[in-house]
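The stops below are given in the order in which to select them.

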Amino acid sequence: MHERYSYLCLYPFLPAASEYVKESGLTLDHLISSVSARIRARERVIEAIRTGCVERPVIGDEQHAQMELLSYPFARILVSCIRDPYLVRRYALAEAKGAYRRIIEELHSGRIDTIHKLADDLGLSIHTSAGYVLVPFTDYLRLTVNLRDKRWKLVNRSLVRGKVKLNMNEFVRVVQEAIYERVVKGLPLDVPEEICNSLSAHIEEIKHELALRRAKTDEFRAPSGGDPESFPPCIRNIIRNLKDGVNIPHSARFAVTAFLLNAGLSVEDVIELYRSLPDFNESMTRYQVEHIAGVRSGTRYTAPSCATMRTYGNCVDKDELCEKVSHPLSYYRLKLKAKKA
Ligand code: SF4
């Protein structure tokens, strides 16, 4: 099989892969009528929901490789028809994590050329020297915005001729962020309703998987108290993302931490919630949670209001009760009261 072809199958989100699909004259109709690509696309999305990682496919022959390549745009269509922000993030993260594992495998087998090709295809103008990678400053800042560990802070990095110096493993981690950015871009796509309708069997299956996943991650039990079933939808969504290892913005971290502490959870329980994050750092997390709890300053922070949650894009999945409150903690208290009544 042509080497470029098998490379694109492993990294189907690259611009070069979409160009290949275009050059092959494959249209949306071809895509929709390819039963095997459709099945593999459904598998991609279900694997993302179940395990959080789309693993390396086993490629047999050229036909198989083509199907694998087509399954990626098809998976994007399936995700887009469902239009669920949580699914979009989980799917993009699972594709990025799978790619990360493949790149590490390639590096372990001495295929350093893969990293150059990938950087090139992702538009990263890097230089390598003596096992180090030099990344343009602006790309570095953009791609590490969600990486919380202090080793990623610019003050802790060496700069060489305006580029940031990383070891190879660190660079692959940054590439994972670049891939996430690439996969999530444009999702959900604007897919015509008749196409979504023609895929309803796959869509129902994915929705079912998603509901199972939600039920599992909503099982948040804190020994120190709180009633997670009564938490408002915004807080449940942040908890779900944290448990899935999705890096969330600072505003969401602050909101969930302040909410949980005010709902009666202990500092230890809140720290546990952050443990699934890929860049979890216990001492830094403890410092931040204790600061919000007022252990260090003597002033406990309250959770942000609904208006602030909306401003930062953290108000999601609103339900009927949300119409009656202006603060997530009021939602929680009302729900607890209704339960006891
Ligand atoms: S309206 Fe308030 S309580 Fe409801 S989801 Fe939005 S922020 Fe949360």
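This is a predicted model: local features need pLDDT of at least 70, side-chain atom pairs count only at pLDDT 80 or more; totals for chains, interfaces and linings use all residues.

**Stop 1: α17.** Select residues 328-340, which form helix α17. This helix has 13 residues and spans 19 Å from its first C-alpha to its last, close to the 18 Å expected at 1.5 Å a residue. Now colour P328, Y331 and Y332, the buried residues of α17. Looking down the axis of α17, you will find these buried residues within an arc of 95°, so they line one face of the helix. An α-helix has 3.6 residues a turn, so residues three or four places apart point the same way. Turn to the other side of α17 to find K337 and K340, which are exposed. Then show α12 (233-243), α13 (250-262) and α16 (306-311), against which the buried residues of α17 pack.

**Stop 2: the ligand.** Select the residues around the ligand: P232, P233, C234, C306, M309, C315, K318, C322, V325, P328 and Y331. Two or more residues of this shell come from each of α12, α16 and α17. Colour the shell by class: ten residues are nonpolar, none is polar and one is charged.

**Stop 3: α9.** Move to residues 168-184, helix α9. Its 17 residues reach 24 Å between the first and last C-alpha, close to the expected 24 Å. Among the buried residues of α9 are F171, V175, I179, R182 and V183. Finish just after α9 at G186, where phi is positive, about 85°.

Definitions and conventions: Residues are numbered from 1 along each chain as its sequence is written. Helices (H or I, at least four residues) and strands (E, at least two) are DSSP runs, numbered from the N terminus. The expected span of a helix is 1.5 Å times one less than its number of residues. A residue is buried if 20 or more other C-beta atoms lie within 10 Å of its own, exposed if 12 or fewer, and partly exposed in between; C-beta atoms are placed from the backbone. The arc is that of the directions from the helix axis to the C-beta atoms. Two residues are in contact if their C-beta atoms, placed from the backbone, lie within 7 Å. A residue is near a molecule or strand if its C-beta atom, placed from the backbone, lies within 6 Å of it. Ala, Val, Leu, Ile, Met, Phe, Trp, Tyr, Cys and Pro count as nonpolar, Asp, Glu, Lys and Arg as charged, and the others, Gly among them, as polar.
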